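Good morning, everyone, and thank you for making the time.

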Amino acid sequence: MSEIQTGSTQLWNEDLAPTSAAQRTWRWYHFSALWVGMVMCIPAYTLSASLIEGGMSGYQAVLTVFLANAIVLLPMLLIGHAGTKYGIPYAVLARASFGTGGAKLPALMRAIVACGWYGIQTWFGGQMIYTLLGVMLGGEFGGAAIAGLGINGGQLLCFLVFWAIQFWYIVHGMESIRKLETYTAPLKILICFVLLGWVYSKAGGFGDLLSAPSQFVEGGKKAGQFWAVFWPSLTAMVGFWATLALNIPDFTRFAKSQRDQVIGQSVGLPVPMGLLAMMAVIVTSATVVLYGKAIWDPVDLSSRMTGVAVLVALLILLIDTVSVNLAANLVGPAYDFSSLAPKQISYKIGGYITAGIAILMMPWKILESTQGYIFTWLIGYSALLGPIAGILIIDYYMVRKTELDVPELYREDGKYSYGSGWNMTALVAFVIGVLPNIPGFMNAAFPAAFPDVAPIFRTLYTYAWFVGIAISAVVYGVMMKGKALPAAQVARP
C-alpha cells in the first residue's frame, strides 16, 4: 500500500485503492443475493411487456430475456476477474487500456448512463409512494402538471422523498448496501411466489396469455417479421445490464476468491432474470381475467389490490427499488466520479453527484414511450458501452495476459500514462466502434430530423452492442499487437 501511496495524489484515494484482505468478505452467495436483488426490479419486470407489445408470445419474450442475460454474463465474468485478482475498481482498471488520463473518458460515460438509470429507478420509487398516498387519500392528488416538467406537484414531491430515502445509504457507504442486498433477496423471492399464489386464487388460473401465439405467425399482424423485432430486442436486453458489465470490478474487488465471483454471478443473473420475465407474463395473463386488460406495471397492479395487501405490496416494491438502485446505479458512478479527481472527490461525494444529476435528467421524460425507452435509451447507450467492454477485455486478456503492475496504475508518469496520459490506440478503437451506430441512433432518437438514414445503418443499429464490442475489440487488438507493455517506460528514482 505504501508503494501505491507514493504515486500521484491526483490518481489515488482510499476508496480507489486496492482492497485489503480484510475487505474481501464477499462469498458466492453474496454475489448471488446481489444479482437476485438487482434482477427483481420494476424495469426488469416490465421488459417482457415491451417484447410482447412488439409482437412476441410469452415464451418468446421469456427466452429472449434469458438469452440476453446469458450473453451479457460472459463480459461480466471476464471483466470481473481483474477486480478480484487485483482489488481495483473499474475506473482504475480502465487506466491500463485508456491511460491514466484517458480512463476518465470511459469512467465519465459509464457514470452519466448510471445517473440516468438512478433517476429512472428513483422515479419508479416515487411513483409507488404517489400511488400509495393516492389509495389512502381516495384518489389522485397534486393538481395539474407543472409547466416544463410534465408532472404535478404531488409526483415531484414523492420523487424527491424517495430520492431522500436512498440518500441515507449513500452516506453510510458500501457495507450498508451489501447488508441490504443480502437480507432483502430472500424476501423478494418469497414475494414472487406470494404474488403468483394471489393471482392464481383470484383469477381461478393464470389466464391464456402464455398460450397466445405471437403476432409473427402466418396470418398474424406482423407475420414474417420475427427477426426484425428479435435482434433489436436482444440488443436492448443486453444493454439493460451493459453498465454493470463494465463496472462489475467495483463489486468483485470485494470477493474472497475468483470462484466466489464466477459461481455467484452465474447462479444469480441469467436464471433469475428469465424466471422474473416468466412470472411477469404469468401474472399479467391473470390480470386480463381479473381486470379485463393486461396490466404490466406492478405499481398499477398493486394499486388495484384491496385492504392491507395494497400497503404490503407497495412497501415491498419500495424496498426492492431502493436495494436495486443503490447496487446497480450508485456504486459504479460514485467510483467513476471519484476517479475524475480523487483528491477532491471521495466515494461518498461521487454518490452525492450521482444523486444530483439524476434529478436534473428528469427521468420521467425518458420513459414516456416504449420506443424512446428501448431504441433511444437502452440501445443508444449500449452503442457507447459495448466498445469500452471490448477494449477492456482484449487489453486485459490478449495484451496483458491478465498481468497488471498495480502501483503503476496510480502514477501519472508511469507505464500506463503512455507518455501523455492517453493511450490513443484505445481512443481510436473506441471511436471506430461507435461510428457505425451513430446514423442509426440519430434516426431512432430524432426520426423527423434524420428520416433518410440508409437501411444498412438502421440495421447495424439494431445490433449496436454487438457491433461496437466486436469492432473495437478487433481494432484495439490489431493496433496493440506486439505492445505487451506501453511505449513509455519511465525509470523510477
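This is a predicted model: local features need pLDDT of at least 70, side-chain atom pairs count only at pLDDT 80 or more; totals for chains, interfaces and linings use all residues.

Rolling a probe the size of a water molecule over the atoms shows where empty space is left. How many cavities of 30 Å³ or more does a search of the whole structure find? There are two of them, and I will describe each in turn.

The largest cavity holds about 70 Å³ of space, and the residues that line it include Met38, Cys41, Trp117, Gln121, Phe240 and Trp241. If you look for the helices behind this lining, you will find that H6, H9 (242-247) and H14 each supply at least two residues, and that the largest share, three residues, comes from H14. In terms of residue class, the lining of the largest cavity is made up of eight nonpolar and three polar residues, with no charged ones.

The second largest cavity has a volume of about 30 Å³, and around it you can find Leu78, Ile79, Ala82, Leu93, Leu392, Ile393, Tyr396 and Tyr397. Here helix H4 (58-86) and helix H18 (370-399) each give at least two residues to the lining, with H18 providing the largest share, which is four residues. The lining of this second largest cavity divides into eight nonpolar residues, no polar ones and no charged ones.

When the lining of the second largest pocket is sorted by class, we get 19 nonpolar residues, one polar residue and two charged residues.

Let me return to Trp241, which I named as part of the lining of the largest cavity. Trp241 sits in the loop between helix H8 (226-240) and H9. Is Trp241 buried or exposed? It is buried, since its relative accessible area is 3%, and the cut-off for buried is under 20%. Not counting residues up to four places away in sequence, Trp241 touches several others, among them Trp35, Met38, Asn69, Leu269 and Ala328.

Asn13 lies in the loop between helix H1 (2-5) and helix H2 (28-39), and it counts as buried because its relative accessibility is 9%. Its side chain reaches the backbone nitrogen of Asp15 at 3.0 Å, and a polar contact of 2.9 Å joins the side chains of Asn13 and Ser338. Leaving aside neighbours within four places in sequence, the residues in contact with Asn13 are Ser338, Pro342, Ile345 and Ser346.

Thr100, for its part, is placed in the loop between helix H5 (90-98) and helix H6 (104-137), and with a relative accessible area of 5% it is buried. Its contacts, again leaving aside neighbours within four places in sequence, include Leu11, Arg95, Glu408, Tyr416 and Gly421.

Next, please look at helix H20 (residues 438-445), where Gly440, Asn443 and Ala444 are buried. Why are these residues on the same side of H20? They cover an arc of only 95° around the axis, and that puts them on the same side of the helix.

Met362 has a positive phi of about 45° although it is not a glycine, and it is found in the loop between helix H16 (347-360) and helix H17 (363-366), where it is partly exposed at 24% relative accessible area. Lys401 has a positive phi of about 55° and is not a glycine either; its place is in the loop between H18 and helix H19 (424-434), and at 53% relative accessibility Lys401 counts as exposed.

Note on methods
Residues are numbered from 1 along each chain as its sequence is written. Side-chain values use heavy atoms; hydrogens and water are left out. Buried means under 20% relative accessible area, exposed over 50%, partly exposed in between (1.4 Å probe, protein chains only). A polar contact is a pair of N or O atoms within 3.5 Å; within protein, one must be able to donate a hydrogen and the other to accept it, and residues adjacent in sequence count only if both atoms are side-chain atoms. Contact means heavy atoms within 4.5 Å. Ala, Val, Leu, Ile, Met, Phe, Trp, Tyr, Cys and Pro count as nonpolar, Asp, Glu, Lys and Arg as charged, and the others, Gly among them, as polar. The arc is that of the directions from the helix axis to the C-beta atoms. On a 1 Å grid over the protein atoms alone, a cavity is a set of points where a 1.4 Å probe fits but cannot get out, and a pocket is an open set with protein on both sides within 12 Å along at least five of seven lines; lining residues have an atom within 4 Å of a point. Grid points are joined across faces, edges and corners, and a volume is the space filled by probe spheres set on the points.
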